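Subject: Structure handover

Hello,

Please find the structure below, for your own work. My notes come after it.

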2 protein chains.
Amino acid sequence: MSKRLTPRSQDYSKWYHELIIKANLAESSAVRGCMIIKPNGFSIWEKMQAQLDQMFKNTGHQNAYFPLFVPKSLFEAEEKNAEGFAKECAIVTHYRLKNNPNAEGKLMVDPQSKLEEELIVRPTSEAIIWNTYKNWIQSYRDLPILLNQWSNVVRWEMRTRLFLRTSEFLWQEGHTAHATKQEALNEAQLMNEIYAEFVEKHMAIPVLQGTKSENEKFAGAETTYCIEALMQDGKALQAGTSHFLGQNFAKAFDVKFATKSGNLDYVWATSWGVSTRLMGALVMTHGDDYGLVLPPNLAPIQVVIIPIYKNDQEFQNITKVANNLMNRFSKKQYRISYDDKQNHKPGYKFHQYELQGVPLRISIGPRDLKHNQVEVSYRLTLEKEIIPMNQLVDYVEKKLTSMQNEMYQKALKFQTNNTTNVNSFGEFEKILNDKGGFVLAHWDGTSETEQKIQAKTKASIRCIPKNQVLEEGKCILTGKASKGRVVFARAY
Amino acid sequence: MSKRLTPRSQDYSKWYHELIIKANLAESSAVRGCMIIKPNGFSIWEKMQAQLDQMFKNTGHQNAYFPLFVPKSLFEAEEKNAEGFAKECAIVTHYRLKNNPNAEGKLMVDPQSKLEEELIVRPTSEAIIWNTYKNWIQSYRDLPILLNQWSNVVRWEMRTRLFLRTSEFLWQEGHTAHATKQEALNEAQLMNEIYAEFVEKHMAIPVLQGTKSENEKFAGAETTYCIEALMQDGKALQAGTSHFLGQNFAKAFDVKFATKSGNLDYVWATSWGVSTRLMGALVMTHGDDYGLVLPPNLAPIQVVIIPIYKNDQEFQNITKVANNLMNRFSKKQYRISYDDKQNHKPGYKFHQYELQGVPLRISIGPRDLKHNQVEVSYRLTLEKEIIPMNQLVDYVEKKLTSMQNEMYQKALKFQTNNTTNVNSFGEFEKILNDKGGFVLAHWDGTSETEQKIQAKTKASIRCIPKNQVLEEGKCILTGKASKGRVVFARAY
């Protein structure tokens, strides 16, 4: 691969893959469809986790951990859920290897170790969790249960793409149990709000909130709430979902509780999740032809200092100043790093930190020391400024704050410019092909029509918007009556 | 189950299990050998994780994530490692379920989805990681690599016990690569020091540091360093291990690098891990007949306030004071909780927080308000004191600090009192049977003798102590010459 990334305009998909590889975010592994998340990528994910975890805890949720495996008999209990995931399950059938008598030093599955009941590697944990909740819930006093778990899940994928679609991925899955339908509905909506807040405020990615159509909702859900983001190539990306599960899992696992009035009722449920897929959204929303651009709130390194020197004396003088700066910034809780590695030239380092998306780069050379100044490079615009040393802390503080907002506004402008109302199928197809983006159109509300539109255009209904404008209209395909537009797009 | 725990003196094993269930730390699941870590347990594990993670990062390590699955051909590459884990592997053989034509609504493994190569659910990740490092390491400039991952692993166990031995458990596994043998040795020793520091300072559990015998070392290691703790029933528990892996994995996966002088050499490796087993150590070291006792450093709740009231007016007056206290303590970074739940009586709450091991319990009633005082109960001794309100913050601060140390000293005293030097096999057996604990004895250094001793007494060599005193002696079994005592014990 050349030093430069393939420009987005030339091949967006290639650009995405190259960026992830060159910025050392992730790579493919020897296991089909499974990725390795490298330290540069994982440290961003850790920042996301920490922020989300805090938001979950602030809203009364606690973490727990449930088994990786789901016995087949539990897996199949909620039929729609089982049907939705059956075709993409990794299945454990044996528990022992033995020496292969026909190949020295090789192992083989010991046929004697066949399990009586196969174990499914969890693609999602509703089944194992609701089988547990059954034992935890007897009375309304035991409710609500508000749990989350951070875990790995496996969904066997034939076509994979780093972060966006991998056979194993990391995520969090919230699973809550409630005494009333309204409470469960509120919870599902609250978590979708929290996802929207996280993605907008911390990832600087604007999203549309809404509900999924019957076709697109989670297998086993009554209603799926979602947040949808728009990538730079005009394709949509589902960034998070929360599900009102009704009493489906309670019925499948026979989870009843004594109500306050002394009756028995099935428990109401929600589940909600976001995954390492968000890393893909981050790259595709903010990346440019030089690499990743990280919103300061999630940047593992917000400011990097790079020394420029010709000899050891210069290096030592710069290091003294750099250490002093490090100290001052750390006290203000900024994440700052001094790259004094001697085995790479400044040009190489500049390139690397641009690739990795570090918001601000400070370079210090002998001339800067003499004039009591530094050069600051701003990753978002790649502009450079000379800043007097005594203004630096203020400058950085302001710049990091404004950058977070600038990134959001830039992405929002893109989203706005790429959201189009259309009134006919011809217009619909033309916009999808010429421009992409979110296309708002009238739809007759049937799955049949949705599927036909998707077959013809590869565009699906991303959501029925939360604040849908009520207006009389006609379905772009069938001409039947519609009371409001829904959001179509081609999607990841 | 009765309200009371079975006393330790009556049945230690039963006490352990009951404590874990009643304190809501964990429970068994529908999946053979796999546990559910409940919020009370998981929140302690989160505190451990956060502290360890910080210590790893402070020593230059970064987190990453490698796949859950290991293809069989990679798994078997390092023969000793493979042999060590082959008999306890969960094996994925298929990737799809289909409808069972003979049973309506049931699923079956789709025989068409058989994998060409079986996947092992990782029991440990050396194989998948060294197969990756192969691509990452060309030159000495690429070294060292200092990575850690937090993950779940599976080792099929026939006899399981919550936290101590489960088929799936959570852990961290560090995997480092180095240019020289000395560097790798230093790393393995450093990480063992860090484990010792964590367990002693944060978990308040004294440990012995040392190395494992050939018999007991990690499959694939040259040297295994370990920390060993002593439980209240006189049995030892291996609390953490770090391994100097030599060039074994580099050779198995052909990982060579260009040295500074331009030669090619195999890379040197370490790996190190601690797991949710530490939760078991925490319970068994500090628990008493009333439940868990948590060291303040790891207690998710350090102080709980419980209101005692007869009517709503009293409740409101107390709540005002409690909220004020909450504020003052939170500012000082203490983790404090006000349990104002109306559906349980104070006596029930007292019992629950004792079970959960909350270090300090403050109860406030109308009489306390009148006299401007509170009652504080100290979990370690169950003593109660009346503390004037204006001295409370100071009191709590001092008590939490002294408690951490008191707990350590108490455990250290137990360890010292239960560490015995013996000089004959008769004495060895008698101490093991009468008293248990660490038994220091001379050993001739052979695996054969070690195995014979274990067969006769069920005691194994826990470690060859780091600061072994050199003294001439005779092996307690064979009478052969020995240059220093090693530590025997019956162990978990």
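The notes cover conventions, the relation between the chains, one glutamate, the cysteines and one glycine.

This is a predicted model, in which local features need pLDDT of at least 70 and side-chain atom pairs count only at pLDDT 80 or more, while totals for chains, interfaces and linings use all residues. Residues are numbered from 1 along each chain as its sequence is written, chains are lettered from A and ligands numbered from 1 in the order in which they are written, and side-chain values use heavy atoms, with hydrogens and water left out.

Chain A superposes on chain B by a rotation of 180° with 0.0 Å of shift along the axis, at an RMSD of 0.0 Å. The two copies are thus related as by a two-fold rotation axis. V92(A) is the residue of chain A that comes closest to the axis, its C-alpha lying at 2.1 Å. The copies meet through the same surface, because 100% of the interface residues of chain A are also interface residues in chain B.

E173(B) sits in strand 10 (residues 168-178) of chain B; strands are DSSP runs of E, at least two residues long, and helices are runs of H or I, at least four, both numbered from the N terminus. E173(B) is buried yet has no salt bridge, and the nearest side chain of opposite charge, R122(B), is 4.8 Å away. Buried means under 20% relative accessible area, exposed over 50%, and partly exposed in between (1.4 Å probe, protein chains only). A salt bridge needs a side-chain nitrogen of Lys or Arg within 4 Å of a carboxyl oxygen of Asp or Glu; Lys and Arg count as positive, Asp and Glu as negative, and His and the chain ends are not counted.

There are zero disulfides over all chains, a disulfide being a pair of cysteine sulfur atoms within 2.5 Å. For C34(B), the nearest cysteine sulfur, that of C89(B), is 14 Å away. C34(B) is buried at 3% relative accessibility. C226(B) is also buried, at 0%, and its sulfur is 4.8 Å from that of C463(B), too far for a bond.

G60(A) lies in the loop between helix 2 (39-58) and strand 3 (62-63) of chain A. G60(A) is partly exposed, with a relative accessible area of 44%.

Regards

Technical notes: Least-squares fit on C-alpha atoms with pLDDT ≥ 70 in both. Contact = heavy atoms within 4.5 Å.
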